[in-house]
Amino acid sequence: MNAAVTSSALLVVTFALVIVGAYLARFFLLAKWTDDMTKWLQQQQSPDVSTVDRDIVLLCPLYAEDRWISTLVDQISDLEYPTDHLRIVFVLNEADPTRTAEILSETLAHSAVGVPTETILVTGENKAQQLNAAMEWLGSARPEWFQTDTYVGVYDVDTRIDQKTLCYIGTDEDAPTAYTGTSIYGLNADEFSGLGGWCLRAFAVMQTQWAFGFEYHRVVNDYLNDRHKLQYIVGHGSF
């Protein structure tokens, strides 16, 4: 009896150690991949802003984001893109119980965003519905914005993209139908050191795998199936 129990316990422990070892190995490999990707990104040349001729409309969906409005406006103000080719639309939700709308109005009144902005109020039970309502509004209220080659982007309150990201999109000669951002660590990767730091960076890359394997895949399927409505929205730099 005791021998059988001991044997079963050893099997369980061995299996657990194998699983843990596999995950640790994956963490180290992914963290190494992150470091290599970061170095590659740092070596890329900046786009030539003078060649930009593409309009971009950024949708900023807001719900209970009253504490982060100031940071959002600062982030948008720092984006590098010709002001005559960029428009910002702040999308508020009627069901928002916080002071988001009030604080946004106050912040914009005292901030030099430098580009045309619109603030609209829509209804929606989730972000996808909120953005769909915003697109319907744009189509009816601002059709002139789409007379040229225009991209519409989703810029969440916690989005942190490189300041030149829009310039890469605006100068891309291939001009694909859609772009999307990825959750890859950038210049701050070196701030995390030791085993804990490697694991943190590996978790970030695992989130990227989830995005490519599920989130972006689902958005692309919605587009390819010609549904026209977003069933699932990722955000964080989707164009």
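Where in the protein is confidence lowest, and where is it highest? Confidence is lowest in helix H6 (residues 194–224), with a mean of 63, and highest in strand S2 (residues 86–93), at 93. The value used is pLDDT, the predictor's confidence in each residue, from 0 to 100. This is a predicted model, in which local features need pLDDT of at least 70 and side-chain atom pairs count only at pLDDT 80 or more, while totals for chains, interfaces and linings use all residues. Residues are numbered from 1 along each chain as its sequence is written, and side-chain values use heavy atoms, with hydrogens and water left out.

**Confidence**

- The protein has a mean pLDDT of 76, and 65% of its residues reach 70 or more.
- Over residues 230–235 the pLDDT falls below 50; this stretch has 22 contacts in the model beyond near neighbours in sequence, a contact being heavy atoms within 4.5 Å.
- Helices (H or I, at least four residues) and strands (E, at least two) are DSSP runs, numbered from the N terminus.

**Cysteines**

- The whole structure holds zero disulfides, where a disulfide is a pair of cysteine sulfur atoms within 2.5 Å.
- Cys60 is buried, at 0% relative accessibility; buried means under 20% relative accessible area, exposed over 50%, and partly exposed in between (1.4 Å probe, protein chains only).
- Cys167 is also buried, with a relative accessible area of 1%.

**Salt bridges**

- A search of the whole structure finds four salt bridges, each a side-chain nitrogen of Lys or Arg within 4 Å of a carboxyl oxygen of Asp or Glu.
- One of them joins Arg99 and Glu102, whose closest N and O atoms are 3.0 Å apart.
- Arg99 is partly exposed, at 42% relative accessible area, and Glu102 is partly exposed at 41%.
- Glu118 and Arg142 form another salt bridge, at 2.6 Å from N to O.
- Glu118 belongs to strand S3 (residues 117–122) and Arg142 to the loop between helix H4 (127–141) and strand S4 (150–154), so this pair ties together parts 24 residues apart in sequence.
- Arg142 is partly exposed, with a relative accessible area of 22%.
- Lys127 and Asp156 also meet through their side chains in a salt bridge, at 3.0 Å from N to O.
- Lys127 lies in helix H4, and Asp156 in the loop between S4 and helix H5 (165–170), so the pair links parts that are 29 residues apart in sequence.
- Within this pair, Lys127 is partly exposed at 26% relative accessible area, whereas Asp156 is buried at 6%.
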